[in-house]
There are 2 protein chains.
Amino acid sequence: MKSIGTPMNPLDLAANRDSGYPEPFRSRCLPREKRALGDAAGLTTIGINHTTLFPGASSSMRHWHTCEEELVFVLAGELVLVTDAGEATIQAGQCAGFPAGHSDGHQFINRGSVPAVYLEISNRDEQDVAHYPDVDLRLDSPEAPGRYAHKDGRPY
Amino acid sequence: MKSIGTPMNPLDLAANRDSGYPEPFRSRCLPREKRALGDAAGLTTIGINHTTLFPGASSSMRHWHTCEEELVFVLAGELVLVTDAGEATIQAGQCAGFPAGHSDGHQFINRGSVPAVYLEISNRDEQDVAHYPDVDLRLDSPEAPGRYAHKDGRPY
């Protein structure tokens, strides 16, 4: 945590270049860089990541959260947003929000030729469960708390 | 609220061009435009404003919150951040965070010649009180809930 109010350049922060997903989902989200702005600023109730998604990569598997709402604000480049409604392009300067508890999964895919950079903003809720309509994946299953599991609860 | 996941251009949203402060503080924060991205996306636990602060205006009076943490991400232009540590310049692409409960007031001032645009991100907490170290102002005084008051509790 930096001093309160010290201006930060996100690119000065250490990047997480991995994905917590088990394979084969992990590879679909790389290469990607995440920098935890909220953590670096000492915030505790909100997660704010500065994410760079390189051409070909997906932000996540298509998912929705039971208790965590999200907003993505695109800073540079262009992404394809996939939801139940189909595909939509989202460009630098635009945003999209996802209230908690709506079973319409979303993901962003970089189908362009340049990196896309965006902020992902979410509340933190210990009761949250993420559901993945397209793949055999579940986060924070009661049978495997804090871990990715198959839909039937078996851990990966 | 738009459909879930519909990409939004912030500038398509209606702007609040006023300030809720009583005078003489209100005028110091104008001209300014705020667009409530979080509300438009149906979010309830996080407030996310897209704010345009014109030359000469201040984001707020210098303040700190008891229960609401904040992060400001500058999208365009340049601002002067004022805290107990003095003044610091914050530019497009940079951010600054303010954990709740630290009695170091902050404000941003546009001393440049072009509009500054930024996102302001905060959790929502009904118990929150804002304190203003430099001026005779208090938000959500127990004597005047939800209203601006003098430090002794008298409403403006």
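Glu87(A) is exposed, with a relative accessible area of 52%. The model here is predicted. The side chain of Glu87(A) meets that of Arg111(A) in a salt bridge, 2.9 Å from N to O. This bridge links distant parts of the chain. Glu87(A) sits in strand β6 of chain A, and Arg111(A) lies in the loop between β8 (107-109) and β9, 24 residues apart.

How many salt bridges does a search of the whole structure find? Over all chains, there are 22. Another of them pairs Glu33(A) with Arg35(A), again at 2.9 Å from N to O. Both ends count as buried, because the cut-off is under 20% relative accessible area. Glu33(A) has 15% relative accessibility, and Arg35(A) has 5%.

Asp84(B) and Arg62(B) bring their closest N and O atoms to 2.9 Å. Asp84(B) occupies the loop between β5 (78-83) and β6 (86-91) of chain B, whereas Arg62(B) occupies the loop between β2 (46-53) and β3. Asp84(B) is exposed at 52% relative accessible area, while Arg62(B) is buried at 11%. In chain A, salt bridges with shared partners join Arg62(A), Asp84(A), Asp104(A) and Asp134(A) into one network.

Thr83(A) lies in strand β5 (residues 78-83) of chain A. Leaving aside neighbours within four places in sequence, Thr83(A) is in contact with Arg62(A), Asp104(A), Gly105(A) and His106(A). Is Thr83(A) buried or exposed? At 10% relative accessibility, Thr83(A) counts as buried.

Back in chain B, consider His65(B). This residue is in strand β3 (residues 64-65). His65(B) is buried, with a relative accessible area of 14%. Which side chains make polar contacts with the side chain of His65(B)? One is His63(B), at 3.4 Å. Another is Asp128(B), at 2.7 Å. Not counting residues up to four places away in sequence, His65(B) touches Glu70(B), Ala100(B), Gly101(B), Asp128(B), Val129(B) and Ala130(B).

Arg17(B) is found in the segment before α1 of chain B. A polar contact of 3.4 Å joins its side chain to that of Glu33(B). Beyond four places in sequence, Arg17(B) is in contact with Leu30(B), Arg32(B), Glu33(B) and Arg35(B). Arg17(B) and Val135(B) are 118 residues apart in sequence, and their C-alpha atoms are 22 Å apart in space.

Next come the aromatic rings. A pair of aromatic rings is described by the distance of the centres and the angle of the planes. The whole structure holds 10 aromatic pairs over all chains. Phe25(B) and Tyr156(B) form an edge-to-face pair, 6.3 Å centre to centre with 85 degrees between the planes. Phe25(B) belongs to helix α1 (residues 25-28), and Tyr156(B) to the segment after β12 (148-149), 131 residues apart. Phe25(B) counts as buried at 5% relative accessibility. Tyr156(B) is partly exposed at 33%. In chain A, Tyr21(A), Tyr132(A) and Tyr148(A) form one aromatic cluster.

The backbone of chain A deserves a look too. Most peptide bonds are trans. The bond from Glu23(A) to Pro24(A) is cis, with omega near 10 degrees. Pro24(A) lies in the segment before α1 (25-28) of chain A. The bond from Leu30(A) to Pro31(A) is also cis, with omega near 0 degrees. Pro31(A) is in the loop between α1 and β1 (32-36).

Finally, the two chains meet. The contact takes 38 residues from chain A and 38 from chain B. About 3100 Å² is buried between them, and carbon and sulfur atoms give 73% of that area. Which three residues supply more than any other three of the area that chain A buries against chain B? They are Ile4(A), Pro7(A) and Glu69(A), with 20%.

Across this interface the rule finds zero salt bridges. The count of residue pairs in polar contact between chain A and chain B is 10, both residues at pLDDT 80 or more. On the side of chain A that touches chain B, the elements giving two or more residues are β2 (46-53), β4 (70-76), β6 (86-91), β7 (95-98) and β9 (116-123). By class, that side has 22 nonpolar, 14 polar and two charged residues.

Methods. Residues are numbered from 1 along each chain as its sequence is written. Chains are lettered from A and ligands numbered from 1 in the order in which they are written. This is a predicted model: local features need pLDDT of at least 70, side-chain atom pairs count only at pLDDT 80 or more; totals for chains, interfaces and linings use all residues. Side-chain values use heavy atoms; hydrogens and water are left out. Contact means heavy atoms within 4.5 Å. Buried area is the accessible area (1.4 Å probe) that two parts lose on being put together, summed over both. A salt bridge is a side-chain nitrogen of Lys or Arg within 4 Å of a carboxyl oxygen of Asp or Glu. A polar contact is a pair of N or O atoms within 3.5 Å; within protein, one must be able to donate a hydrogen and the other to accept it, and residues adjacent in sequence count only if both atoms are side-chain atoms. Helices (H or I, at least four residues) and strands (E, at least two) are DSSP runs, numbered from the N terminus. Ala, Val, Leu, Ile, Met, Phe, Trp, Tyr, Cys and Pro count as nonpolar, Asp, Glu, Lys and Arg as charged, and the others, Gly among them, as polar. Rings of Phe, Tyr and Trp (its six-membered ring) pair if their centres lie within 6.5 Å; planes under 30 degrees apart count as stacked, over 60 as edge-to-face and the rest as tilted. Buried means under 20% relative accessible area, exposed over 50%, partly exposed in between (1.4 Å probe, protein chains only).
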